[in-house]
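Reader: I am new to this structure and would like to go through it slowly. Could you take my questions one at a time?

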Amino acid sequence: MRVTCKCGHKGRIGNCQLDSPESLSLESQCLNVHCGHAWVAKLEFYRTITPSALSAERLQNGPQDTLLHHVKPSALIICKCGHKGRIRDSTKHSADFVTLYCDCLDPSCGHRWVSNLTFSRTISPSALDGERLLFDRLRALPKQQVRELLDQLGVSR
Ligand SMILES: [Zn+2]
Ligand SMILES: [Zn+2]
């Protein structure tokens, strides 16, 4: 299970929280020290491709409590039967929206489903955003004003 920061750098998943049996909040942090962006991603069940062969009764008994149990950054894809799943394929629609095609690894279950990984909210903004913002703002100013600003900072000449 991987998350990517909007700066393009790899992210790390920290705390996870189960919002509902089919929705998981993942606190993520950019591993680029110059960025420092921290955000929440959401992993949500979208639809079933192949239904589970297990009985509804058995499915009702496991998932809710086993899900939290299994929530580890390395094993976030959990079938509703409580067994570990794997990401067979994924489609990246945008930086904020990835579709994951998942298979249950329990052969007696065989459930195949689709989950969506989406950006939810920012915890702390990226420093790269700030720099870019500042740069854009400076560029919009008249050259004379920029020179004065640089003079004040003592960085010109
Ligand atoms: Zn980043
Ligand atoms: Zn399963």
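This is a predicted model: local features need pLDDT of at least 70, side-chain atom pairs count only at pLDDT 80 or more; totals for chains, interfaces and linings use all residues.

Reader: Which residue in strand 7 is the bridge partner of F97?

Author: Strand 6 covers residues 97–104, while strand 7 covers residues 112–124. These two strands run antiparallel and are joined by seven bridges. Within strand 7, the residue that partners F97 is T118.

Reader: How many helices and strands are there in the protein, and in what order do the elements run?

Author: The protein holds four helices and seven strands. Read from the N terminus on, its elements follow the order β-β-β-β-α-α-β-β-β-α-α.

Reader: In what order do the strands lie in the sheet?

Author: The sheet is open, and its seven strands have antiparallel pairing. Its edges are strand 1 (3–4) and strand 5 (85–94), each of which pairs on one side only. Taken across the sheet, the order is 1-2-3-4-7-6-5.

Reader: Which residue stands opposite T4 in strand 2?

Author: Strand 2, made of residues 10–20, pairs with strand 1 in the antiparallel sense, and two bridges link them. The residue of strand 2 that stands opposite T4 is K10.

Reader: What is the bridge partner of F45 in strand 7?

Author: Strand 4 and strand 7 run antiparallel, and eleven bridges join them. Within that pairing, the strand 7 residue that partners F45 is S115.

Reader: Which residues of strand 6 make up its covered face?

Author: The uncovered face of strand 6 consists of F97, T99, Y101 and D103. That leaves the covered face, which is made of V98, L100, C102 and C104.

Reader: Which element gives the most residues to the largest nonpolar core?

Author: This core has 19 residues, and L26, A41, L43, C79, C81, C109 and L117 touch the most other members. Two or more residues each come from strand 3 (23–30), strand 4 (38–50), strand 6 and strand 7. With four residues, the element that gives the most is strand 6.

Reader: With which residues is C79 in contact, leaving aside its neighbours within four places in sequence?

Author: C79 is one of the core residues that touch the most other members. Once the neighbours within four places in sequence are set aside, its contacts are G85, C104, D106, C109 and H111.

Reader: How many residues of helix 4 are buried?

Author: Across the protein as a whole, buried residues make up 22% of the 157 residues. Helix 4, formed by residues 143–153, is hardly covered, and G154, whose phi is positive and near 70 degrees, follows this helix. Among the eleven residues of helix 4, the count of buried ones is zero.

Reader: What share of the contacts with a separation of 6 or more comes from residues 24 or more positions apart?

Author: The contacts in question are those in the protein between residues with a separation of 6 or more. Of these, the share that residues 24 or more positions apart account for is 45%.

How values were computed: Residues are numbered from 1 along each chain as its sequence is written. Chains are lettered from A and ligands numbered from 1 in the order in which they are written. Two strands pair if DSSP finds at least two bridges between them. A residue is buried if 20 or more other C-beta atoms lie within 10 Å of its own, exposed if 12 or fewer, and partly exposed in between; C-beta atoms are placed from the backbone. A nonpolar core is a set of buried Ala, Val, Leu, Ile, Met, Phe, Trp, Tyr and Cys residues joined through C-beta atoms within 7 Å. Two residues are in contact if their C-beta atoms, placed from the backbone, lie within 7 Å.
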